[in-house]
Amino acid sequence: MLLAHGVGGRQDLPIPFPAALTGAALALLVSFVALGALWKEPRLGGDNPHARALPGALRRAMATPAWGWAWRSAGLLAAAYFCVGLVFGPDKADNPTAGAFYVLFWVGLVPLSLLFGPVWRALSPLRTLHLLACAALRRDPDAGLRQLPPGVGYWPACAGLFAFVWLELIAPERATLPVIGAWLAAYAAIMLAGAVVFGARWFGHADPFEAYSGLVGRLAPVHRRDDGVVAWRNSLDGMAGLRPAPGLTTLVVVLLGSTMYDSLSNAPIWVRFVQESPIPAPVTGTAGLLAVIGLVLAAYRVATALAGRWGAAGAGTTAGKTAETTAGTTAGGTAGETAGEIAHSIVPIAVGYVIAHYYTLFLLEGQRTIALLSDPLDTGANWLGTAGWKIQALGTTPAGVATLQVTVIVVGHVLGTVLAHDRALALFPRRTAVLGQVPLLVLMVVYTVVGLLLLFAA
């Protein structure tokens with residue numbers, strides 16, 4: 001698990017690190033200027049009825065009940081196989097449970113969701129068990145004992161996501177079977193109990209992995225149109241379709257802030273501080289995680305508050321009273337909700353950090369885990385035929401990884417800038433929309449520079 005930062009460092013970049021930082025900031029500035037000059041109307045979001053559909057045979061297959069049950073069966077089988085090692089396997093380094101949970105599952109959700117959309121909703125074994133139980137009892141899966149309160153939003157998923165990143169990054173003995181098993185048992189109990197009380201819609205609000213996969217999956221190139229046809233789409237249209245909801249801002253900030261803390265926790269200065277501190281490491285780590293998430297959230301709140309104020313500032317200060325009143329009403333109605341309206345622009349940034357941070361962990365430790373999964377009980381068996389798998393570099397080089405890390409972080413921020421610009425045009429009067437984005441641009445530059453400094457801190 002020590003490969004989280006990859007095999008590349010700042011010394012492996014093809015250009016000096018200060019030049020890389022400068023180039024990243026300039027990329028954002030150029031994007032901002034170009035968007036302000038060329039992108040003058042909202043273009044993203046909404047369902048495109050003219051989007052090109054997938055090939056007919058594949059589209060018809062995806063419309064059948066068998067398609068959904070194929071995904072559900074795959075999720076159940078994978079979960080059952082995982083539980084073999086978790087419950088019956090030896091608690092030692094060669095047990096693949098930790099690698100399967102933290103690498104193949106957690107990190108692997110990103111590429112799966114980027115390609116196929118919100119896959120955990122289809123794969124979730126807990127959703128499937130609840131569905132099967134409801135079918136046996138002849139009950140509607142969506143009908144619980146009571147209605148889910150409308151203000152719940154993403155708050156349960158926020159709590160679950162924080163609980164997971166705390167487990168992954170801070171919990172003592174977090175790679176041991178008892179700790180992983182206890183966390184998963186609590187997760188399963190809460191999800192299933194909530195589904196009994198509130199129905200299947202509880203999973204969409206409370207399952208941290210479903211919320212995570214759902215956010216990332218909005219960048220997938222395929223989706224199901226309003227008429228039920230599966231079609232290609234502009235990935236930014238999918239992300240722009242994410243609407244504000246209670247807890248959404250905190251959810252995306254926890255994703256971004258936890259990845260930043262992971263980088264910080266491996267920096268020499270933080271490692272020395274934790275080792276020399278008289279405070280127990282879990283307490284220090286928890287405080288550090290909360291502090292990083294809090295700083296990311298505070299910076300975001302300040303920037304979006306200024307964006308809302310500046311974007312609405314010109315609505316009633318120039319001539320043309322009727323037009324000004326209309327614009328002021330529109331801007332004023334959204335200024336207080338700017339943080340939620342712009343939250344979707346943070347998702348590509350968080351995805352960029354996840355790819356940069358965990359790319360080589362997934363590539364290299366993932367291969368090792370797949371090899372070990374062939375014998376989760378350590379009996380000398382070769383159930384999957386991968387026991388002799390030799391870990392391959394697959395073309396990774398220190399320079400290549402370092403360049404990829406910088407590239408995906410910058411691309412994530414540029415996409416975030418595009419999404420924020422498009423939403424600002426919908427929120428504010430046209431003449432002040434660009435002004436309102438200046439605080440967001442500063443925020444993007446700060447996130448980029450701090451993220452790169454943390455990632456290449458070693």
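A disulfide is taken here as a pair of cysteine sulfur atoms within 2.5 Å. By this rule the predicted model has zero disulfides. The chain has 458 residues and a radius of gyration of 23 Å, which agrees with the value near 23 Å that a compact globule of that length would have. Its secondary structure consists of 20 helices and two strands.

**Overall dimensions and surface**

- The C-alpha trace spans about 80 × 60 × 45 Å along its principal axes.
- Of the 458 residues in the chain, 48% are buried.
- The accessible surface amounts to about 20700 Å², and carbon and sulfur atoms contribute 68% of that area.
- Among contacts in the chain with a separation of 6 or more, 82% are between residues 24 or more positions apart.

**Cysteines**

- Cys83 has a relative accessible area of 34%, so it counts as partly exposed.
- Cys158 counts as buried because its relative accessibility is 5%.
- In general terms, a disulfide is a covalent bond between the sulfur atoms of two cysteines.
- The count of such bonds in this model is zero under the distance rule.

- The largest nonpolar core contains 111 residues.
- Phe101, Phe164, Phe209, Leu256 and Tyr447 are the core residues that touch the most other members.
- Beyond its neighbours within four places in sequence, Leu256 is in contact with Val296, Ile346, Ile349, Ala350, Tyr353 and Tyr447.
- Thr259 lies in helix H13, which covers residues 248-265.
- With a relative accessible area of 5%, Thr259 is buried.
- Thr259 touches Tyr353, Val354 and His357, residues up to four places away in sequence being left out.

- Arg243 sits in the loop between helix H12 (235-240) and helix H13 (248-265).
- Its relative accessibility is 44%, so Arg243 counts as partly exposed.
- Apart from neighbours within four places in sequence, Arg243 is in contact with Leu248, Glu341 and Arg423.
- The side chains of Arg243 and Glu341 are joined by a polar contact of 3.2 Å.
- Arg243 is 101 residues from His344 in sequence, while the C-alpha atoms of the two are 7.9 Å apart in space.

- His344 is placed in the loop between helix H17 (338-342) and helix H18 (346-373).
- His344 is buried, because its relative accessible area is 2% and the cut-off for buried is under 20%.
- Residues touched by His344, with those up to four places away in sequence not counted, are Met239, Ala240, Leu242, Leu419 and Arg423.
- Arg423 is a contact of His344 and also of Arg243.
- The side chain of His344 reaches the backbone oxygen of Glu341 at 3.0 Å, and the side chain of Glu341 makes the polar contact with Arg243.
- His344 and Leu248 are 96 residues apart along the chain, with their C-alpha atoms separated by 8.5 Å.

**Val410 in helix H19**

- Val410 is located in helix H19, which comprises residues 398-427.
- At 15% relative accessibility, Val410 counts as buried.
- Val410 is in contact with Ala24 and Ala27, its neighbours within four places in sequence being set aside.
- The C-alpha atoms of Val410 and Ala25 are separated by 8.5 Å, although the two residues are 385 residues apart along the chain.

- Arg138 is a residue other than glycine with a positive phi, near 60 degrees.
- Arg138 is in the loop between helix H7 (125-137) and helix H8 (155-169).
- The relative accessibility of Arg138 is 81%, so this residue counts as exposed.
- Glu173, likewise not a glycine, has a positive phi of about 55 degrees.
- Glu173 belongs to the loop between H8 and helix H9 (177-198).
- Glu173 is exposed, with a relative accessible area of 56%.

Definitions and conventions
Residues are numbered from 1 along each chain as its sequence is written. This is a predicted model: local features need pLDDT of at least 70, side-chain atom pairs count only at pLDDT 80 or more; totals for chains, interfaces and linings use all residues. Side-chain values use heavy atoms; hydrogens and water are left out. Helices (H or I, at least four residues) and strands (E, at least two) are DSSP runs, numbered from the N terminus. Buried means under 20% relative accessible area, exposed over 50%, partly exposed in between (1.4 Å probe, protein chains only). Contact means heavy atoms within 4.5 Å. A polar contact is a pair of N or O atoms within 3.5 Å; within protein, one must be able to donate a hydrogen and the other to accept it, and residues adjacent in sequence count only if both atoms are side-chain atoms. A nonpolar core is a set of buried Ala, Val, Leu, Ile, Met, Phe, Trp, Tyr and Cys residues joined through side-chain atoms within 4.5 Å. The radius of gyration is taken over C-alpha atoms; the globule rule is 2.2 Å times the number of residues to the power 0.38. Accessible areas come from the Shrake-Rupley method with a 1.4 Å probe; for residues, only the protein chains shown count as cover.
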